[in-house]
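My notes follow in the order in which I looked things up.

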Amino acid sequence: MAEAKRIDGKAAAARIIDIVTRETATLTTATGVVPGLAVVIVGEDPASQVYVGSKAKTAKACGFKSIKHELPAETGEAALLKRIADLNADPEVHGILVQLPLPKHIDETKVVQAIDPDKDVDGFHLINVGRLSTGASAKAFVPCTPAGSMILIREVLGDDLSGKSAVIVGRSNIVGKPMAQLLLAADATVTIAHSRTRDLASVCRGADILVAAVGRPEMLNGAYVKDGAVVIDVGINRVDAPEKGHDEDGMPKTRLVGDVNYADASEKAAAITPVPGGVGPMTIAMLMANTLRSACRAADVAPPKF
Ligand SMILES: NC(=O)C1=CN([C@@H]2O[C@H](COP(=O)(O)OP(=O)(O)OC[C@H]3O[C@@H](n4cnc5c(N)ncnc54)[C@H](OP(=O)(O)O)[C@@H]3O)[C@@H](O)[C@H]2O)C=CC1
Ligand SMILES: Nc1nc(=O)c2c([nH]1)NC[C@@H]1CN(c3ccc(C(=O)N[C@@H](CCC(=O)O)C(=O)O)cc3)C=[N+]21
């Protein structure tokens with residue numbers, strides 16, 4: 001098997017952000033509406049800070065109004081719910097994202113369900129989950145990571161996935177399950193595997209499309225990949241990289257790896273996403289796309305297609 005094609009998520013994300021930027025300018029000129037994205041973060045988790053920072057930066061570059069709400073780790077649930085109620089009521093806000101995970105003393109489900117479904121650009125509200133899973137997806141906000149992964153899959157395989165078998169490893173509400181819904185809607189034959197799946201490698205080897213959303217560094221190697229498969233690595237894991245040296249405190253430097261061993265899987269796959277530079281940038285691009293879509297709806301203008 002020849003070396004796999006590297007699916008360039010960074011380039012695909014740049015193309016989407018380009019469309020969002022142009023369409024935002026058109027919308028704002030025609031209607032005066034400026035898409036508004038509110039990103040709420042509770043606590044100082046450094047990794048979350050980085051993602052939230054890059055979301056806010058991209059939103060500004062698209063011509064959005066981006067509002068970052070940084071709340072201290074000890075913020076109570078009631079105060080957070082009040083903040084969300086205010087954002088729901090604010091006509092300048094079209095998208096609300098509450099960075100997950102939240103501190104342990106806050107009920108995540110309660111917070112997510114408090115977001116107005118029409119501003120739920122993460123697509124985590126029950127209404128949007130229901131819309132996606134019943135096929136009412138024209139109105140749904142689709143979760144950004146699975147939506148971005150679908151675009152990368154379609155870049156390689158085209159729109160029609162009928163006859164393809166897809167295996168998703170991971171059954172979270174934010175990645176695995178919505179990914180399964182999208183692949184099913186595209187007519188793939190879908191299997192969802194998880195920590196209780198027996199003989200995971202042989203299940204994965206049945207996949208024409210293999211999506212890894214596990215959270216375990218480089219867990220899936222070539223033995224999990226069918227010859228010619230398309231491999232989408234959603235995992236973002238920071239691991240020690242002492243070979244890169246150490247910081248001032250003597251701690252080893254780190255690097256990002258996915259849930260798939262890229263080099264090994266590449267020997268089998270036809271195409272594979274790298275980490276970094278694969279699904280991650282697409283997540284941010286789709287957040288921008290969802291926010292623009294929400295603003296278009298608010299302005300009663302037809303949203304662009306991505
Ligand atoms: N690129 C991006 O934009 C994003 C990346 N991520 C990354 O994706 C990964 C998954 O995230 P998320 O879905 O939130 O994670 P969760 O921890 O919520 O879910 C992980 C899933 O993996 C399954 N799992 C764990 N261990 C094994 C195993 N040994 N064998 C088979 N299945 C296993 C779990 O099974 P069970 O249900 O049985 O416990 C669970 O369903 C993480 O690395 C995260 O950082 C997440 C969001 C966005
Ligand atoms: N409400 C909510 N919505 C989310 O969408 C959400 C969340 N909470 N919590 C955390 C996860 C994680 N996530 C990522 C987004 C972008 C990159 C990304 O851009 N990654 C770059 C690398 C970034 C780096 O170098 O650290 C890449 O893969 O190339 C990664 C991870 C969104 N999440």
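I started at a helix contact: P146, S149 and M150 of α6 meet P178, M179 and L182 of α7. I note that the model is a predicted one.

Next I looked up the geometry of that pair. The axes of α6 and α7 (residues 176-185) come within 8 Å and cross at roughly 40 degrees. Angles of 65 to 115 degrees count as roughly perpendicular and those under 35 as roughly parallel, and α6 and α7 are therefore oblique to each other. I logged the α6 and α7 crossing as right-handed.

I then followed α6 to another partner. How are α6 and α10 oriented to each other? Helix α6 spans residues 144-157 and helix α10 residues 279-298; they pack at about 110 degrees, with their axes 8 Å apart. The two are therefore roughly perpendicular to each other. α6 passes α10 in a right-handed crossing.

For the residues of this contact, I listed C144, T145, A147, G148, S149, I151 and L152 on the α6 side. On the α10 side I listed V279, M282, T283, A285, M286, L287 and N290. The contact of α6 with α10 divides into 9 nonpolar residues, 5 polar and no charged. S149 is listed in the contact with α10 and also in the one with α7.

α10 has a further packing entry, with α2. The axes of α2 and α10 are 10 Å apart, at an angle of about 50 degrees. That makes α2 oblique to α10. This crossing is right-handed. S54, K55, T58 and A59 of α2 make the contact with I284, L287 and M288 of α10. Here I find 4 nonpolar, 2 polar and 1 charged residues. L287 of α10 is in this contact and in the one with α6.

I turned to the sheets. One is an open sheet of 6 strands with parallel pairing, in the order β1-β11-β8-β7-β5-β6. Which strands stand at its edges? They are β1 (5-6) and β6 (189-193), each with a single partner strand, so one side of each is left without a neighbour in the sheet. Strand β5 (residues 165-169) runs parallel to β6, and 5 bridges join the two. I checked one bridge: I168 has I192 in β6 as its partner.

α6 came up again at this sheet. It lies across β7 (209-212), β8 (230-233) and β11 (271-272), running at about 160 degrees to β8.

The other sheet I looked up is open too, with 3 strands in the order β3-β2-β4 and parallel pairing. β3 (65-71) and β4 (95-98) are its edge strands; each has a single partner, so one side of each lacks a neighbour in the sheet. Neighbouring strands in this sheet are turned by 15 degrees against each other on average, direction ignored. Strand β2 (residues 36-42) pairs with β3 in the parallel sense over 7 bridges, and V42 stands opposite L71 in β3. Helix α2 (residues 46-61) lies across β2 and β3, at about 170 degrees to β2.

I went through the backbone next. The peptide bond from L100 to P101 is cis, with omega near 0 degrees. P101 sits in the loop between β4 and α4 (108-114). The bond from V275 to P276 is cis as well, with omega near -5 degrees; P276 is in the loop between β11 and α10. E218 is not a glycine, yet I find a positive phi of about 50 degrees there. That residue lies in the loop between β7 and β8.

Last, I checked the record. The unreviewed UniProt entry lists residues 7-122 as "domain: Tetrahydrofolate dehydrogenase/cyclohydrolase catalytic". I get 51% helix and 16% strand over this span, with the end C-alpha atoms 24 Å apart. The entry also lists residues 143-297 as "domain: Tetrahydrofolate dehydrogenase/cyclohydrolase NAD(P)-binding". For residues 143-297 I get 34% helix and 18% strand, and the end C-alpha atoms are 18 Å apart.

How values were computed:
Residues numbered from 1 in each chain as written. Chains lettered and ligands numbered in written order. Predicted model: local features only at pLDDT ≥ 70, side-chain atom pairs only at ≥ 80, totals over all residues. UniProt positions renumbered as here; feature names shortened; annotations may be inferred. Helix = DSSP H or I, 4+ residues; strand = E, 2+ residues; numbered from the N terminus. Axes fitted to C-alpha atoms, helices over the stretch in contact; angles between N-to-C directions. Parallel < 35°, antiparallel > 145°, perpendicular 65-115°, else oblique. Left-handed = near helix turned anticlockwise from the far one by under 90°. Contact = placed C-beta atoms within 7 Å. Nonpolar A, V, L, I, M, F, W, Y, C, P; charged D, E, K, R; others polar. Pairing = 2+ DSSP bridges.
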